[in-house]
Structure formats: structure tokens, C-alpha cells
Amino acid sequence: MENQKGLFSVEVVSNVEISKGIFLLSVKRIHDFKAGQVIALTVNDGITPRLYSICSGEEDELLSILYNIVPEGELTRLMRMIKKGDTIKISTPFGNFLGTDDSAYWIAAGTGLAPFYAMFKSARTDNKYLIHGGRILESFYFQDELMKELRSRYVRCCSQQSGEGVYEGRLTNYLREKAEFPLDHKYYLCGSSEMVVQTRDILLSKNVPFENIIAEIYF
């Protein structure tokens with residue numbers, strides 16, 4: 001049911017902590033969406049909705065989002081207490097950060113993985129390379145699926161821990177050390193504003209055309 005703010009009430013199917021302080025919230029799907037789009041979400045009319053990237057495939061039965069607990073954030077502190085059967089409010093999906101069939105690099109930090117996972121689940125993996133940065137090894141959500149499909153086209157960059165097959169260091173350090181990038185590929189960036197700006201500048205310094213860089217501050 002739509003309320004006066006253009007939000008719809010939906011039933012929560014699950015709300016699972018998949019890593020320390022990181023949750024995957026899934027609701028009954030009531031709208032179609034395109035991989036890469038976002039929704040506005042809140043738990044009640046008294047709290048301003050926030051935007052979250054959809055983290056599920058276009059044909060999936062559920063609509064999911066990734067979110068991290070923000071200690072000073074009223075909304076996420078309430079979201080972590082949501083249980084199966086509870087009701088939250090969401091908008092219709094929107095946004096233009098969309099996957100295409102072009103050869104591309106997906107570059108994500110933390111929960112900025114969400115739109116790329118949606119593209120991955122929507123079978124848009126041909127000629128795609130994923131570079132994901134996280135602080136700890138548990139930051140690489142869905143890594144078993146991603147490694148099985150993408151293989152050497154999936155790079156994990158861990159800034160605080162080491163592990164087999166993982167680049168030890170920040171995502172931006174990995175990008176600086178990489179000798180070159182294909183200039184005819186698209187580069188999709190999703191992360192904090194600092195990460196997006198730094199990554200964009202690194203790519204430009206390696207002669208990637210500005211028009212081939214598509215960025216979104218993570219939601």
C-alpha cells in the first residue's frame with residue numbers, strides 16, 4: 001500500500017548479518033527494477049528515508065539491500081532490529097547507474113559492491129572485471145559465487161588483513177600499481193566520495209577517457 005510520501009509498505013523476509021556490522025535485508029518484491037538502481041527506505045514515517053542500492057538480480061523473487069550499521073545513524077540502529085514479518089517502507093526503484101553489455105571494470109569499496117552484485121546476478125558478467133576493496137577478509141561478501149564465475153577477473157583488496165589470493169593493501173594502491181587499463185572499457189565506480197574521487201583521478205592519470213568513467217557515491 002502506498003502512503004502519502006510515495007512509499008510502499010513491504011514485508012520483511014529476512015535480515016541477516018553477513019559480516020561484522022553488515023546486514024543483508026530482503027523484502028517481498030513488489031516492483032520490477034534494473035540492476036544498478038536504488039530505492040529509498042525507512043522504517044516509519046518519522047524517519048527520513050535513505051537511499052540504498054538494490055543487491056539482487058532482476059529475476060530474483062526478493063528485493064535485497066546491503067547496509068552497514070552507522071553508530072550515529074538513527075535509521076540503521078533501528079534497521080538492525082527488524083525481524084521476519086515486520087513491515088518497512090520503500091520507494092519504487094530508480095536511478096541510471098545501470099549495467100550494460102559493454103566491456104567494463106566494476107570497482108567497489110565496502111557495501112558499494114551492491115549494484116555490481118545485482119548486475120552479476122542479472123547475468124551481465126561477460127567481459128566484466130570486479131575489483132573490490134574491504135578492511136577485513138569478511139568484507140568480501142558473496143566471494144564464493146563471484147570467484148566461481150569471474151575467476152581471475154575478480155580481485156579482492158584487503159587493507160587490514162592478509163589471505164590467500166588477496167591483494168594486501170587498499171584498493172587505490174592496487175589501482176596505482178596496475179600498469180595500465182584498457183582505454184576502450186567502461187569503468188563503474190561505487191564507494192565513498194573519497195574513494196570515488198581518488199579512483200577517478202588514478203584512472204585519469206592512466207589515460208582512461210573521462211567519459212568512460214561512471215561514478216556513484218554508494219547508497
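Modeller: H2 and H3 are oblique to each other, a class left for angles that are not under 35 degrees (roughly parallel), over 145 (roughly antiparallel) or 65 to 115 (roughly perpendicular). The model is predicted, with pLDDT of at least 70 needed for local features and 80 or more for side-chain atom pairs, while totals for chains, interfaces and linings use all residues. Residues are numbered from 1 along each chain, and side-chain values use heavy atoms, without hydrogens and water.

Helix H2, residues 114–121, packs against helix H3, residues 143–150, at an angle of about 55°, and their axes (lines fitted to C-alpha atoms over the stretch in contact, with angles from 0 to 180 degrees between N-to-C directions) lie 12 Å apart. The crossing of H2 past H3 is left-handed, the near helix being turned anticlockwise from the far one by less than a right angle. On the H2 side, Tyr117, Phe120 and Lys121 make the contact (heavy atoms within 4.5 Å), and they meet Glu145, Leu146, Glu149 and Leu150 of H3. Sorted by class, this contact holds four nonpolar and three charged residues, with no polar ones.

Elsewhere, the lining of the largest pocket (residues with an atom within 4 Å of a pocket point) comprises eight nonpolar, 12 polar and four charged residues, and H5 gives the largest share, three residues.

Notes
Helix = DSSP H or I, 4+ residues; strand = E, 2+ residues; numbered from the N terminus. Nonpolar A, V, L, I, M, F, W, Y, C, P; charged D, E, K, R; others polar.
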